[in-house]
Every structure is written in structure tokens, then in C-alpha cells.
Amino acid sequence: MNDTDAPQNPSDSGSPRRDRREATSRRKKGGAITAGTIVLVLGAYAAVDAYDLVPGLPSVLTTEPQVEVQTVPAPQAHAQQVPAPASAVDDSAPVPTQIPKTIDAVLKDSKVKGFGLEVRDGISDDVLYAKDETKPRTPASVTKVLTAAASLSAIGGETRLATTTDFDADTNTLTLTGGGDVLLSAGDSDAGSVNGHGGLRTLAEDTAAALEEQNITEVALDLDTSRYVGEDFDSGWSRSDIAKGVITPIQPIMVDTAYVGSKDAEWRGRTEHPAKDAFSIFEKELKKAGITVTEATDRSESETPSESESPKELARVESATISEIVEYALVHSDNVVAEMLGNEVAIAQGQDGSLENGPKAVLEALGESVDLGRTHLVDTSGLSYDNRIAPHDLTTVLQASVVADDSLAGLVSYFPVGGLTGTLHDRFLDERNASGVVHAKTGTLSTVTSLAGGVLDAEGRYLVFSIQIDDVDKDKILEARKTVDDIVTALANCGCR
């Protein structure tokens, strides 16, 4: 799910706040692009996009081709707002002319060659720098930028996903129906959280109360996962990645994205049967609430409930909003959430929710407003090396979000923030103009590094960028990432007229 290239020990993502007065004054000039903010989730989370870089991860689980894991720290900020800064200049301001000279100097000094990149003015859409920008490359987790944009556009930022219980009086069967929420908690619903907004204990207790109102104390229990169809695990993914915590079978009901083990562990694996595990938790809580479960049906994830005239909904719990879930997926670089979102985009487009339809639906949703003719997706998380996205296509989506007036407008605000959050928590720390100002999505595989997002330059102009390189020698991947950071830092420091 996540990306980084250097070994890390889990720690607080918010290191002591550095002096960012200059960046703050620049942000005040223009306000925020949107009202969207990065709100950090309290508690620990592990994230994966690269494998053998996590201390203690069993080497026997190494896959080919090797992707690498990153452990993302446990943030402990208190609802710190980090809006994406907006341009303090309008379209009539002089266009920067020195950006090519500035970037070329960084590329010349780099020991790694072959970058593709594009930089645009976020407001005017002027292309300020381009190099191999139309060549599609393996994007890694930057793929999630397209998934997030399509989710906001097609599903809608305020939409919530419902997990329900439905009762069939003819057969005395209670059905737990998965509605796409993979961020359920095993306990009580928590309205202040994204992960755990809906809780299975709350659903069980509400269900029991509704049954008892009808003087029903015994039910047969069934599970409905028919919201998603087809294979639940892509043929291009490795089953060993489940134990590494990278991915799990994509089913429409999960607890904590199917993680297992202590949240305090350095890394966690995921279960191979997330819907069945969620079903077991619900059954346990239903019994605790006073309902006897008899003649339980086969709990295979593939089964649908028995058909009858019209089962009646008894209770429901809802997820956080799609906007909040998108932010979670981007900051945590969560592959499971990203694949769920792909399925939900397909459903919103009138198709079956499936791993096959998700990538196509993402491109269709975005293709209505931007040209993604060069882009090829086989998944919506970026795990596959077969995904291809060109830098030009990424900046097209980013720039569209800057000027959007609908749910898409929040996109850049939901990215990790340099020096503060998610997969950028340890990058740009010592760069005064970049720390706290760069909003970007990272992408890392063992031979890939990429970064796409936005930054405010020294004169108050908001720039969007996409920087990508693939087929890098593994021993040069850290140098490649340094070059990426150097380019973005140069943009933050540059007036470039």
C-alpha cells in the first residue's frame, strides 16, 4: 500500500514543527484551493508499497518482481489543518521563464537519467516544463491519484457506504450485507474516525434491538457479499503479499482493511478471508446482544442470501464520506481501500463492481473531462508493474482538480504533506519553503519512483507537477528519489522569472 525507499522504524509522523513562517505567509496570500484539509488519524497504521525494507519482515515472503514495503508511522497530530495553498497571483502575472533552467540543472547533477516530468501553472494550465512527458511509465502508487479523482467525480465526495442487516420473516433468516465498507471496526461506531466510522458491535446491538421489538430471539444468519462479482484477487498479485500486509482479497465487507495482529506491531499481515472474519465478529456480537443464532448457513464469501419476497432492513452503519475515505487511501497509500474504490467507481458508472471493471471504470469516469488515451490500468492501487501512466496525463488531472468546483476540488488537499503526513512525513523536512507546502502522492516499487502533486513557488504561484522514472537499477533508487525531491524543492524555492 504505501511507498518509501529507506528502512524506517514506526514513529510519530509529525516531528517537531519547524519554522515555516515564510511558507505560512505565502499561503496566507491566497487561501486554500479548497476547503479540504488533511486531518490526521490518531493511532498506528502500517502501510506497504515496498517489501524487504521493513526490519523483521520475513524474507521467505519475498516476491518477484520485488516491490518494497514501507512502514508508515503513527501520527499524533491533533486535527492539524494543512490546506493546499493557492496561487497568490492571477493569470495576468508574468509566467516563470527560468523553470527549465532550474530543473535542467538538477537533472544534470543527478546520477540517474531517464526521468519523465511535466510542470504546469495550476491556475492558467500553462506548461512550464516538459521532458518525455507523453511517455507512459509504470506509476506505482501514483496510480491512486487517478483512482481518487475518479472516486470523487463518479461516486461523489459526500456519499457514504452502508453495511446493513436484512431480515426475511419467511425463512427467519438475518442477512449481513456488505456494502463496500472495508474500514469497519469490530466495536462501536466512531463518528470521529474514518477507520472505524461504522462498527459491527453497534450494528449487532441495533439489529438485536430491532429483532426484540418483533419478539424474535432466534435467527439463522447469512452473509451477502454479492455487491462485488468475479475474482476477488487479481492474477497479477502475489498471494504471499497478503501475509506481508500489502493486499487482501477485495470483498465488500472488512474490519480495518483486513489487518490482523496488534496495531502496535512494526508491521502487520492481512487475513485471506476478510468478509468471513467480519461475519464471525458480527455473529459473536449478535449473540452477546441476546440473539440466538441457529442453523447458520455456509459462510462462504461467494454465497448470496436465500431469496424471498422482500427482506426488510433492520439496521445499518455507514462509512465515513468518500472524500474522507479517499484522503485515507492517499495518505496511507492503502492498496485495499484503493481497490475497493475502483469497484465502487464501476458501480457508480452502472457496471458490476469487480476488479476487472474497476480500472476501466476509473478511466471512463476521468475520460469525460481529460484525455487519458495513453494510460493503461490493470488495477486501481498501483501494485501492478503493468500499469502505465504518462506524466502529462497526471498533471492534466491535477490541474483539473485545482480549478474544479465540485468534489474533485479537494483532491490535492488529500495528498500527503511534505515533512508532516503519510508517505511524505520524512521528506522535505529541512526544506523551509517545501516542508508543509508540498502536497503530493508518492509511488515506489523496487525499480520505480514517482511523485505527483502541487507546490507553491517563492512568488506565490501554484504549480502542479508529475515526476516519474521506472526501470531504475535497484542500487540507484534512493538517488532517483533524491533527484525527485531536489526538483520539487527547487520549484518551491524558485520565483523563476
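How many bridges join strand β1 to strand β2? Select residues 116-121 for β1 and 127-131 for β2: four bridges link these antiparallel strands. Helices (DSSP runs of H or I, at least four residues) and strands (E, at least two) are numbered from the N terminus, and two strands pair if DSSP finds at least two bridges between them.

Before moving on, note that this is a predicted model, where local features need pLDDT of at least 70, side-chain atom pairs count only at pLDDT 80 or more, and totals for chains, interfaces and linings use all residues. Residues are numbered from 1 along each chain as its sequence is written, and side-chain values use heavy atoms, without hydrogens and water.

Click Glu118 next; its bridge partner in β2 is Ala130. Five residues lie between the strands of this hairpin, where Asp125 takes a positive phi near 70 degrees.

Now show the open sheet of five strands, ordered β8-β6-β4-β3-β9 with mixed pairing. β8 (292-293) and β9 (312-321) are at the edges with a single partner strand each, so one side of each has no neighbour in the sheet. Strand β6 (218-224) runs parallel to β8, joined by two bridges; Val219 has Val293 as its bridge partner in β8.

Finally, select helix α10, residues 391-402. Ten of its twelve residues are buried, meaning under 20% relative accessible area with a 1.4 Å probe, protein chains only. Among them are Leu394, Val397 and Leu398. The buried residues pack against β1, α3 (143-155), α9 (357-367), β11 (448-456) and β12 (462-469), with contact meaning heavy atoms within 4.5 Å.

Methods
The expected span of a helix is 1.5 Å times one less than its number of residues. Buried means under 20% relative accessible area, exposed over 50%, partly exposed in between (1.4 Å probe, protein chains only).
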